[in-house]
Structure formats: C-alpha cells, structure tokens
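Me: I would like to go through this structure with you. Could you take my questions one by one?

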Amino acid sequence: LLDVGFNRGYQSCFLAKEYGCFVTGIDPWNDRHDGRPHVDHLMDNARAWKVEDRVLGVQVGVPDTHLATNSFYYVYTTTALEMLRGLQGETAYREALAEIHRVLSPGRLMALAEPMHLDVEIPADLVSLISQGDHPWTDFFATIEETEEAVLSAGFEILEAGYAPEARLWWEEYARYDPSSRRDPQGEARTIAIDNGRWLSFGYVIARKRP
C-alpha cells in the first residue's frame, strides 16, 4: 500500500497493524509544529506501534515520486492532495492524481479523502473568513462533484464517492484538538464555529484503475 502525504503517519501505522500490509509512505514536508521531517515522525510512530518492519517512509512527493509504474496494489491519501491544489493550483492536483494512477497496478484501488465544501453559495458571514489572506480556503477545497471529475480525468473509474455524514463533527474535533487551532482560537477554530456545517464538509472517493 502507498500512503500519499502521510503527515505524522498515524494512518500508515494503523493500516500496517490492522491489515498486516506493507506500507510505503511518501511525504516531502517537515512538520509544521516541530520542524522535523514527516518521515522521522512516521518511523518513530511505526516503532511505537511495533510495525517498523512493515512501514517505509520516503521524503518525496507527488507527482515526482520516481516510483515504478504499476508497483502498488493500493493507494491511500487523506488530507493531502488539497494542499497541492491550494498552494500550486488545480493542474498540480490533477498531475498528482495522474501519478497515483501510474504507480497503481491495473485493477487495483485508490482511496482518497480530504476536506471539501458543499455545492452551495458561501454564507455571507463566512466569505471574508475563507476567501482572503495568503492561503484562502476557497483555493484549497472543491466539491465532491469537482473531485470526482478530476479523478475520472486521471483515468480511474469511480466505485463510490460522497460526503462523510460525520464531516461537521470532524471539523469541530479538529478545531478542538489541533495544536494550531488551540493556540489561535480566533483563526481556523472561529471559522469552523461560524460555518457550523453550512459550507465546510469532508468527502471521499474510492476508485479503481481499469484492468
């Protein structure tokens, strides 16, 4: 299994432990809280979970993975690719999906999950909070329909897609427990509270590379 954008690697470790699979995690970034490479966090957590023999971290990102074509049975990515869209644009997001399609074996599965927004007009009291600044949320998040179209354009067939019913609760938990949100209650936490589930959501797509 390839985990794209694993951050500190908790999901990678869970998947390796729960399903007994070998997980290769790729992430080019350093942790925003302590500055350490995400690959170091991943391997520390793998040792803590006692799955270090089934986890490998590589400090590389999409689309420049340099991985072999058709080399993974499964690809998992969550709260990762939307960062490419927001920082580098929609073209970079689609190039990442195309790279995932390339390294995935024919007939095998990709699971994608990330912050999204509902297909509704932005509430007036939310506009200034999510559309201004150096990195506005409107640049990062798309609708589930837009995400499905991007996945299809990369050559996948979609098996299942939708908004998570628990999305609002997940956003509230993020605001409650994320260190950055806790340090700055007038930042993202305030935006999430004001939104109150009206625009923000979280979506998923399960897709297959055609045989």
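Me: Is D31 buried or exposed?

Reply: D31 is buried, as its relative accessible area is 5%. Buried stands for under 20% relative accessible area, exposed for over 50% and partly exposed for the range in between, with a 1.4 Å probe and protein chains only. Please note that this is a predicted model, in which local features need pLDDT of at least 70 and side-chain atom pairs count only at pLDDT 80 or more, whereas totals for chains, interfaces and linings use all residues. Residues are numbered from 1 along each chain as its sequence is written, and side-chain values use heavy atoms, with hydrogens and water left out.

Me: Where is D31 placed, and which residues does D31 touch?

Reply: D31 belongs to the loop between β2 (23-26) and α2 (38-48). Helices (H or I, at least four residues) and strands (E, at least two) are DSSP runs, numbered from the N terminus. Not counting residues up to four places away in sequence, D31 touches N7, R8, R36, H38 and H41; contact means heavy atoms within 4.5 Å.

Me: What does the side chain of D31 reach?

Reply: The backbone nitrogen of H33, at 2.9 Å. A polar contact is a pair of N or O atoms within 3.5 Å; within protein, one must be able to donate a hydrogen and the other to accept it, and residues adjacent in sequence count only if both atoms are side-chain atoms.

Me: Which residues of α2 are buried?

Reply: In α2 the buried residues are H38, V39, H41, L42, M43, N45 and A46. The buried residues of α2 pack against α1 (10-19) and β3. Just after α2, K50 has a positive phi of about 60 degrees.

Me: On to the sheet. What is the strand order?

Reply: The order is β3-β2-β1-β4-β5-β7-β6, in an open sheet of seven strands with mixed pairing. β3 (55-58) and β6 (156-163) are at the edges with a single partner strand each, so one side of each has no neighbour in the sheet. On average, neighbouring strands of this sheet are turned by 15 degrees against each other, direction ignored. Two strands pair if DSSP finds at least two bridges between them.

Me: In which sense do β6 and β7 pair?

Reply: β6 and β7 (residues 200-209) pair in the antiparallel sense, over seven bridges. In this region G162 stands opposite Y204 in β7.

Me: Which strands does α3 lie across?

Reply: Helix α3 (residues 81-88) lies across β1 (2-4), β4 (72-78) and β5 (104-117), and runs at about 65 degrees to β5. Helix α4 (residues 90-103) lies across β1, β4, β5, β6 and β7, at about 150 degrees to β5. Axes are lines fitted to C-alpha atoms, for helices over the stretch in contact, and angles run from 0 to 180 degrees between N-to-C directions.

Me: New topic: how many aromatic pairs are there?

Reply: There are five aromatic pairs. Rings of Phe, Tyr and Trp (its six-membered ring) pair if their centres lie within 6.5 Å; planes under 30 degrees apart count as stacked, over 60 as edge-to-face and the rest as tilted. One of the pairs is W137 with F141, which is tilted, at 5.6 Å centre to centre and 50 degrees between the planes. W137 is buried at a relative accessible area of 13%, and F141 is buried at 9%.

Me: Why is the pair of W170 and F202 edge-to-face?

Reply: The ring planes of W170 and F202 are at 80 degrees, with the centres 5.4 Å apart, so the pair is edge-to-face. This pair links distant parts of the chain, with W170 in helix α8 (residues 167-177) and F202 in strand β7, 32 residues apart. W170 is partly exposed at 41% relative accessibility, whereas F202 is buried with a relative accessible area of 13%.

Me: Which residues form the aromatic cluster?

Reply: W137, F141, W171 and Y174 form one aromatic cluster.

Me: And which ring does the charged end of R85 sit over?

Reply: The ring of Y93, with the charged end 3.9 Å from the ring centre. The charged end of R108 sits over the ring of Y74, 5.9 Å from its centre. A charge sits over a ring if NZ of Lys or CZ of Arg is within 6 Å of the ring centre and within 35 degrees of the ring normal.

Me: Finally, the backbone. Which residues does the cis peptide bond join?

Reply: The cis peptide bond joins V62 and P63, with omega about 10 degrees. P63 is in the loop between β3 and β4.
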